[in-house]
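Hi everyone, thanks for making time today. Could you bring up the sequence and the structure, so that we can walk through them together?

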Amino acid sequence: MAISLFDMLKIGIGPSSSHTVGPMKAARMFALALHEEGILSNVARLQCQLFGSLGATGKGHGTGPAVLLGLEGHSPELVDPEIVRPRADAISEEGSLRLLDACQADGLPVHTIAYSENDLIYHRIETLPFHSNGMRFHVWDANGKLLKESTYYSVGGGFVVDETATGADRIVEDSTQLPFRFRTGAELLAICKANGMSIAEVMMENEKAWRTEAEIRAGILKIWQVMQDCVKAGIRNEGILPGGLKVRRRAASMYRDLKNRTRMDMITPSLGAMDWVNLYALAVNEENAAGGRMVTAPTNGAAGIIPAVLHYYFNFCPNADEEGVIKFLLTAAAVGILFKENASISGAEVGCQGEVGSACAMAAAGLAEATGGTPEQVENAAEIGMEHNLGLTCDPIGGLVQVPCIERNAMASLKAINAAALALRGNGEHFVSLDKVIQTMRDTGRDMLDKYKETSRGGLAVNVIEC
C-alpha cells in the first residue's frame, strides 16, 4: 500500500479534515456513483445519516453543509470556502438539492430532488463498525423503492474509505510500486543508510512513481503557497469566530504589534521568534475555525503546526530557501505516513495525540531535515515531538475546532521547534525509537475513553460552561 505526500498534505477547507473535508468527499463519491450506475435520474429522495463523532460534533464542525455541497458535486480542494454555508442555507430554505450541479462543466447531468433538514440525521451516540466517523447514504425512487445504500468512513486527514475497503488499517489501497517501500521508521532509516540518502531524497524517489520531479516540486511549492496565503488571511481577518462561543480572533492584532518591533527585539531579550511562531499558528487555525482554505497537515485540527514551523524555518533560519521547503515537506510527509500506517491521525479514533501529536512530530522532522540533520537526527526529532504529546485528549468545547484547538496548535509548534533543536544537538542516538512511540500512541488511543475522542462529552467540553 502506497501513500503519497499529496495524500498526507491536502488542500481543503476548514474547520475539520475528518468532519468537513472527508464528508464532502464521501458525499461527492456517492453522487458520482449514482450517475455511474445509471440511477441518478430515478432518485426522488435522499437521506444521509451521521454516526459517532460525526453525529456528536458534526454540527459544530460544519459536516452538514459539507455533505450537501459534496452531493452537489463540489470537492474540498476546489470549492470556494465563502459559498459553503450560504449555499447550504439556500438548499434548506429552497427545499431542493441539485445533485452534481458543480460537475456540469465536466459534462455530467444535474438532477434536482426535494430536500428537508430531516434528510440529514445526526446520531449523537450510535456508531458504526470500523471507525467512529461513519456516514450512511440512502436514495429512493418516487415509489419508495430503495435504489442504493452506501456507507463511508472519514478516517482522518481527509482520507475516506467505503465499507468494502475497510480492513485492519482502514486505508484505501494503492498498489503503486515504490522504489523504496517502508512501513516503519527502522525500515526508513535502513533505506537511508544503505543508499546514502536523506529521508527527503527517499520520499522524492517514491513520489516519482506518480509524478515527474518537476510536477512534485511544483505541487509542493503550491502547498507552501496555500500555507502562506492562509497565514496572510489569518492576520488580515478580524472579528468573532462562528459557532456561538464568541471566540475573538487574535492574529490580526498580534501581527500589528509584532510588525512594529525590530528583528533584534525578536531575537534578544524578548521571547523573540516564539511570538511569530504563535502568530503563524493562530492565524492558520483561526482561518480553519472560520471555514477558510488551508492544507490538512495532516488534519485540519492540527493544520497550523507545520505551516507555523515552516514559516519559522523560512523567516528565521539562516540560508533558508525553497529547496529547504521542499525537503521539509517531503520529510514531514514521510513521518506522517508512518503514523497513518501504524496508528492513526484521527482525533475521533485516538484523541488529539493523533492529530496535534503527529503534526508536531512531522514538523520537528521537517525542520531537522531542512536545517541539515542526519536521518537519525530527523527520526529523533519526530520521536521527541510525539513522545511529549502522548495521551492528549480531543475534547473541543461546543464541538467547535476552537477551544482548546487553536492555542494547542501554537503550543505544539513551539514544541516541534524545540524537539528539532534537541535532536540536532545530539548525534541521533536515543533511548526510545519513533516506532515505539507510534506504537505507544496507538495503544494509548485504544485505552482512552471514547468521551475524550472528539465527542464533546468529556474534559473541557463538559467542565467549561459554553457562553
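First, a word on what we are looking at. This is a predicted model, in which local features need pLDDT of at least 70 and side-chain atom pairs count only at pLDDT 80 or more, while totals for chains, interfaces and linings use all residues. Residues are numbered from 1 along each chain as its sequence is written, and side-chain values use heavy atoms, with hydrogens and water left out.

Let's start inside. In soluble globular proteins, nonpolar side chains tend to be buried together. Buried is under 20% relative accessible area, exposed is over 50%, and partly exposed is in between, with a 1.4 Å probe and protein chains only. When I say helix or strand, I mean DSSP runs numbered from the N terminus: H or I of at least four residues for helices, E of at least two for strands.

Setting aside residues up to four places away in sequence, Leu-329 touches Leu-5, Leu-9, Ile-220, Ile-223, Met-227, Ile-306 and Leu-310. Contact here means heavy atoms within 4.5 Å.

Two packed helices are described by the angle between their axes and the distance between the axes. The axes are lines fitted to C-alpha atoms, for helices over the stretch in contact, and the angles run from 0 to 180 degrees between N-to-C directions. For H12 and H13, the axes come within 10 Å and cross at roughly 150°. H12 and H13 are therefore roughly antiparallel to each other. The cut-offs are under 35 degrees for roughly parallel, over 145 for roughly antiparallel, 65 to 115 for roughly perpendicular, and oblique for the rest. On the H12 side, the contact is made by Ile-306, Val-309, Leu-310, Tyr-313 and Phe-314, and on the H13 side by Glu-322, Gly-324, Val-325, Phe-328, Leu-329 and Ala-332.

Now compare helix H16, residues 375-387, with helix H17, residues 405-425: this pair packs at about 140°, with axes 8 Å apart. H16 and H17 are therefore oblique to each other. Gln-377, Asn-380, Ala-381, Ile-384 and Gly-385 of H16 meet Ala-419, Ala-420, Leu-422, Ala-423 and Leu-424 of H17.

Why is helix H4, residues 63-71, described as largely enclosed by the rest of the structure? Because nine of its nine residues are buried. After H4 comes Gly-73, with a positive phi near 100°.

Phe-30 lies in helix H2, residues 17-36, and has a relative accessible area of 0%. Beyond its neighbours within four places in sequence, Phe-30 is in contact with Leu-46, Leu-71, Phe-137, Val-139, Lys-148, Ser-150 and Tyr-152. Phe-30 and His-138 are 108 residues apart in sequence, yet 9.6 Å apart in space, C-alpha to C-alpha. Asp-119 sits in the loop between strand S4 (111-114) and strand S5 (120-122), and counts as buried at 9% relative accessibility. Leaving out residues up to four places away in sequence, Asp-119 touches Arg-45, Leu-46, Gln-47, Cys-48 and Ala-114.

Finally, the backbone. Which peptide bond has omega near 5°? That is the cis bond from Gly-14 to Pro-15, and Pro-15 lies in the loop between strand S1 (10-13) and H2. Another cis peptide bond joins Val-403 and Pro-404, with omega about 10°; Pro-404 is in the loop between H16 and H17.

Lys-246 is not a glycine, although its phi is positive, about 60°. Lys-246 counts as exposed, at 62% relative accessibility. Asn-319 also has a positive phi, near 65°, and is exposed at 75% relative accessible area. Asn-319 belongs to the loop between helix H12 (305-316) and H13.
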